[in-house]
Amino acid sequence: MIQIGPYSLDPAEPLTLAALIGGGALLLILLLLLLALRAAARTARMTEPLAWQMTHLGERVQGLSDGQHQLAGGLNHVSEAQASAQAHMLQLMEKRLAQVTENMSENLQGSARRTAQSLGELQQRLQAIDKAQDNITKLSGDVLSLQDILSNKQTRGAFGEIQLTDIVTKALPSDSYALQATLSNGKRADCLIHLPNPPGPICIDSKFPLEAYEALRRATTDAEVTEAGRLLRNSLKKHIKDIAERYIIEGETADGALMFLPSEAVYAELHANFPEVVREGFAARVWIVSPTTCMATLHTMRAILKDARMREQAGAIRRELGLLFADVDRLGTRVENLDRHFHQAAKDVSEIKISADKAGRRARRLDNFDFEELAPESESALPVPGAGTAGDG
């Protein structure tokens, strides 16, 4: 293989071999020159686009360099703007964070204060609940004690008497009643009210038919209700009869007596479902009262006692009024005497002033050495005989 510029000659090819053998060296040289020219022309044609591309590439490289410089400037501007925005954002976030922290602190303080207040109120309510629980426990004990008291007839009677005593002592003066008073027949009344005649002293006796009433409350069938009602009716009728026989004495007590029921429930049951018992009490002149109606009745009795005492004291009041009138009359006389004395004293003071004026004028004349004959006094200034002015001059 023979290499001539960009061309290669293969001695094995027929043309190449003929030229080498038959044309001689000149032909070979011409051939080589032709081949060289062709190669140069081709090289020139290939070099022109390459030069244009190199020129264009240089322009593009310059453009890329300019763009790179612009890009670097833009990146610097963007970096500065980003840094400024980041700083502003950081300040805003710090401000917001401070506000949130302050609000959270205030909210936490407010919540803590409200929580403490709520806990205080809760503690007070718990204390009130504990106190109420203690009161309920005490009340339960009192109820049990009351049940124990009411379960026994003697203690139940004492309970009614104590309640009656409490009502009477609150409603009446202490000298207008007697507790556990003994009558001429030997019977002892729970309370005797000293009312004037008429109607006269009236007795109050306490009765408490608890067993019959509780049996009536516990009754569930008609037969039980009927039986309990019969027991309560008979018990009340017996109490009415006993009071009428023991505590109504002609000439000693009033023509009637009071039966005190220390339970409003029994009194309401009696008037609601046993009106015939109430009518029987009216017929026997025994009036049934409860704590409320007993208080009202005693207040009426207090008014009667007050009126009676006022009538008893009417004579004394008239005597006192007579003495008071005499005292007022004497007082008027003494006031007149005092007024006369005041008038006389005023007259004496006026005359004393006249004498003092005359003495003053004489003293001034002596002070001026006036030895001339004194002018005669005016007739109005001359003393009146018997007027008590002796000693003037």
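Tutor: Two strands are said to pair if DSSP finds at least two bridges between them; strands (E, at least two residues) and helices (H or I, at least four) are DSSP runs, numbered from the N terminus. The model is predicted: local features need pLDDT of at least 70, side-chain atom pairs count only at pLDDT 80 or more, and totals for chains, interfaces and linings use all residues. Residues are numbered from 1 along each chain as its sequence is written, and side-chain values use heavy atoms, with hydrogens and water left out.

Student: What makes E5 and strand E6 (residues 257-260) a pair?

Tutor: They share 4 bridges in the parallel sense, and the criterion is at least two, so the term applies. In E6, Ala257 is the bridge partner of Cys203.

Student: How do you know that strand E4 (residues 188-193) and E5 pair?

Tutor: There are 3 bridges between them, in the antiparallel sense; at least two are required, so E4 and E5 qualify. Opposite Cys203 in E5 stands Leu192.

Student: Why is strand E5 (residues 202-206) called largely enclosed by the rest of the structure?

Tutor: Buried means under 20% relative accessible area (exposed is over 50%, partly exposed in between; 1.4 Å probe, protein chains only). Because 5 of the 5 residues of E5 are buried, the strand is largely enclosed. Ile202, Ile204 and Ser206 point one way from E5, Cys203 and Asp205 the other way, and all are buried.

Student: How many of the 393 residues of the protein count as buried?

Tutor: The share is 21% of the 393 residues. The protein has 8 helices and 7 strands.
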